[in-house]
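Work through the exercises below with the sequence and the model open. Each task is followed by its solution in steps.

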Amino acid sequence: MPELPEVETTVAGLRPVLEGKRLTLVEPRRADLRRPIPVDLRQRMTGARVTQVTRRAKYGLIETDRGDVMIFHLGMSGRWRIDPGELEKHDHLLLETEENRRLVLNDPRRFGSLDLVRLDDLDSFPAFAAMGPEPLGDAFNGAYLKNATKGRRAPVKQLLLDQHVVAGLGNIYVCEALYMAGIDPRRMGGGISRPRYDRLVSAIKKVLESAIAAGGSSLRDFVKPDGELGYFSKQWLVYGREGEKCACGAPIMRKVDSGRSTFYCEKCQS
Ligand SMILES: [Zn+2]
């Protein structure tokens with residue numbers, strides 16, 4: 001499932017192909033993904049020039065010189081391909097630029113989405129309206145997190161996955177950061193001290209930045225024949241390592257809660 005670093009890597013891969021380029025073809029190939037694709041997407045995007053490709057939480061934003069923003073979410077299985085050979089069954093959107101570059105959005109499970117909003121209305125887009133700060137931005141710091149979790153009795157892990165607290169953090173990164181910061185994922189959010197939150201925020205930024213760097217080097221080091229963007233492999237410290245030994249010698253534990261796995265070390269995290 002694409003997480004924030006995969007979306008950042010995807011956006012970095014789309015940017016050189018799209019930014020500053022006019023779209024000569026915009027072709028949705030079905031009416032809906034998780035929700036309907038805007039019926040006027042083709043008309044509003046065709047002929048427009050892309051001014052900027054950016055990311056917000058786990059959404060990619062393609063802005064045009066007409067003041068529109070196409071917002072994509074990769075859901076569970078979405079991926080972009082650049083200059084694909086043949087179109088495939090699950091290619092749901094096709095773009096062509098004035099340089100005859102082709103881009104397709106493929107999403108077999110269709111949990112992703114495509115939306116089109118005016119740039120002026122971006123902040124009121126439902127997914128963004130009540131969203132917390134970007135985890136890599138300066139507004140996300142120990143003081144903020146201490147305040148945002150004040151009096152909260154929910155486990156810290158659950159709070160970090162809440163989009164109102166911080167935007168776009170996924171399960172893997174939360175497990176890894178809590179391990180790096182030595183904080184037990186089950187600990188009550190409101191009871192964690194400010195210095196520990198400072199350490200946690202540093203760990204979150206570090207684990208995201210290192211994944212983004214790994215994604216960036218996957219873009220630079222090898223261009224796959226079908227130009228698939230955004231997926232790369234990464235070694236995790238605790239995620240997916242149930243039963244293996246932590247550096248301290250204790251076994252890495254796994255706990256499943258509402259279908260979501262938490263990996264942690266009982267000895268190193270308190
Ligand atoms: Zn340990």
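A nonpolar core is a set of buried Ala, Val, Leu, Ile, Met, Phe, Trp, Tyr and Cys residues joined through side-chain atoms within 4.5 Å. Buried means under 20% relative accessible area, exposed over 50%, and partly exposed in between (1.4 Å probe, protein chains only). The model is predicted: local features need pLDDT of at least 70, side-chain atom pairs count only at pLDDT 80 or more, and totals for chains, interfaces and linings use all residues. Residues are numbered from 1 along each chain as its sequence is written, and side-chain values use heavy atoms, with hydrogens and water left out.

**Exercise 1.** Find the largest nonpolar core and the elements that give two or more residues to it.

Step 1. The largest core holds 27 residues; Leu145, Leu169 and Ile204 are among those with the most contacts inside it.
Step 2. The elements giving two or more residues are α5 (156-160), α6 (171-181) and α7 (194-221). Helices (H or I, at least four residues) and strands (E, at least two) are DSSP runs, numbered from the N terminus.
Step 3. α7 supplies the largest share, eight residues.
Step 4. A second, separate core has 26 residues, including Leu14 and Val50.

**Exercise 2.** Identify the protein donors of the zinc ion and their arrangement.

Step 1. Donors are N, O and S atoms within 2.8 Å of the metal (3.2 Å for Na, K and Ca); water is not among the atoms, so sites may look incomplete.
Step 2. The SG atoms of Cys246, Cys248, Cys265 and Cys268 lie 2.2 to 2.3 Å from the zinc ion.
Step 3. The angles are 104 to 115°, so the arrangement is tetrahedral; four donors count as such if all angles lie between 85 and 135 degrees.
Step 4. Along the chain, the spacing is C-x1-C-x16-C-x2-C.

Note on methods. Tetrahedral: all angles 85-135°; square planar, octahedral: opposite > 155°, others 65-115°.
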